[in-house]
Amino acid sequence: MVELMSDEFSRFNVLQISEDRCVEPDWFSSHYVSVYGTSTSLDLQDIHRPSGTFDLVICNHVLEHVADDRAALRELTRVIKDDGFVFLTFPDPANRPVTSDWGFPREDQHGHYRMYGRDVENLFRETLSHRWVVCQEVADPATGVNDLIYFLAKTDAGAKRVLNRYTEAQIICRPTN
């Protein structure tokens, strides 16, 4: 995972969607991992946690597996604190101009409902017009291939947390009201 704000990690209350070796649980004050098909599983379309619970939600390569991605985006931003943010990635949007959405999970595509392209930013603008969406382009440390990381924030405070660290990040959308 791209180094976020490691000096702040020790105070973070974190929700991680799916097991992922990108972070160490002991970096955080609390760390809950939702694993699909187990007793820890949370439905991203209806996360049964109070609003404003988490400083950070990590959602790496999961959204493409969710039937209603719009509901999931709304839920992911609902459960972050006002100064929190969502760290969101999916496979290779930097190299695909248009999203392919099949409307069902394709087994030949690892159970994905869709493969996002750069046009995913339109989905963010439509679904999260009342939220901040920030994009940082980075080189994958394993492959060297450019990839995109999206940060979702509820408020100016959450967006500032990201933008102070990633000064070259691009603002995709900001609250309209």
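Trainee: To begin with the overall layout, how many helices and how many strands are there in the protein chain?

Mentor: Before counting, keep in mind that this is a predicted model, in which local features need pLDDT of at least 70 and side-chain atom pairs count only at pLDDT 80 or more, while totals for chains, interfaces and linings use all residues. Residues are numbered from 1 along each chain as its sequence is written, and side-chain values use heavy atoms, with hydrogens and water left out. Helices (H or I, at least four residues) and strands (E, at least two) are DSSP runs, numbered from the N terminus. On that basis the protein chain has three helices and nine strands, and along the sequence they follow the pattern β-β-β-α-β-β-β-α-β-β-α-β.

Trainee: How does the radius of gyration of the protein chain compare with that of a compact globule?

Mentor: The radius of gyration is taken over C-alpha atoms, and the globule rule is 2.2 Å times the number of residues to the power 0.38. With 177 residues, a compact globule would come out near 16 Å, and the 15 Å of the protein chain agrees with that. The C-alpha atoms fill a box of roughly 40 × 40 × 40 Å, taken along the principal axes.

Trainee: What percentage of the residues of the protein chain count as buried?

Mentor: Buried means under 20% relative accessible area, exposed means over 50%, and partly exposed lies in between (1.4 Å probe, protein chains only). By these limits, 47% of the 177 residues count as buried. As for contacts, which are heavy atoms within 4.5 Å, residues 24 or more positions apart account for 63% of those with a separation of 6 or more.

Trainee: Which residues touch the most other members of the largest nonpolar core?

Mentor: A nonpolar core is a set of buried Ala, Val, Leu, Ile, Met, Phe, Trp, Tyr and Cys residues joined through side-chain atoms within 4.5 Å. The largest one here has 32 residues, and L44, V57, L88, F124 and Y150 touch the most other members. At least two residues of this core come from each of β1 (13–17), β3 (54–60), α1, β4 (80–89), α2 (120–127), β7 (132–139), β8 (146–153) and β9 (170–173). Apart from it lies another core, of 17 residues, with I58, F87, I149 and F151 among them. If you select L88, and set aside residues up to four places away in sequence, you will find that it touches C59, L63, L73, F124, I149, Y150 and L152.

Trainee: Where is F87 found, and is it buried or exposed?

Mentor: F87 is found in strand β4 and is buried, with a relative accessible area of 2%. F87 and Q16 are 71 residues apart in sequence, yet 9.5 Å apart in space, C-alpha to C-alpha.

Trainee: Turning to the helices, which residues of α1 are buried?

Mentor: Helix α1 (residues 69–78) is mostly covered, since seven of its 10 residues are buried, namely D69, A71, A72, L73, E75, L76 and T77. These buried residues pack against β1, β3, β4, β6 (112–115), α2 and β8. D69 itself has a relative accessible area of 9%, and leaving aside its neighbours within four places in sequence, D69 is in contact with L63, R114, Y116 and L123.

Trainee: What is the phi of S18, and what is that of H61?

Mentor: S18 has a positive phi of about 80 degrees although it is not a glycine, and H61, also a residue other than glycine, has a positive phi near 55 degrees. S18 is placed in the loop between β1 and β2 (30–34) and is partly exposed at 29% relative accessibility. H61 is in the loop between β3 and α1, and with a relative accessible area of 38% H61 is partly exposed.
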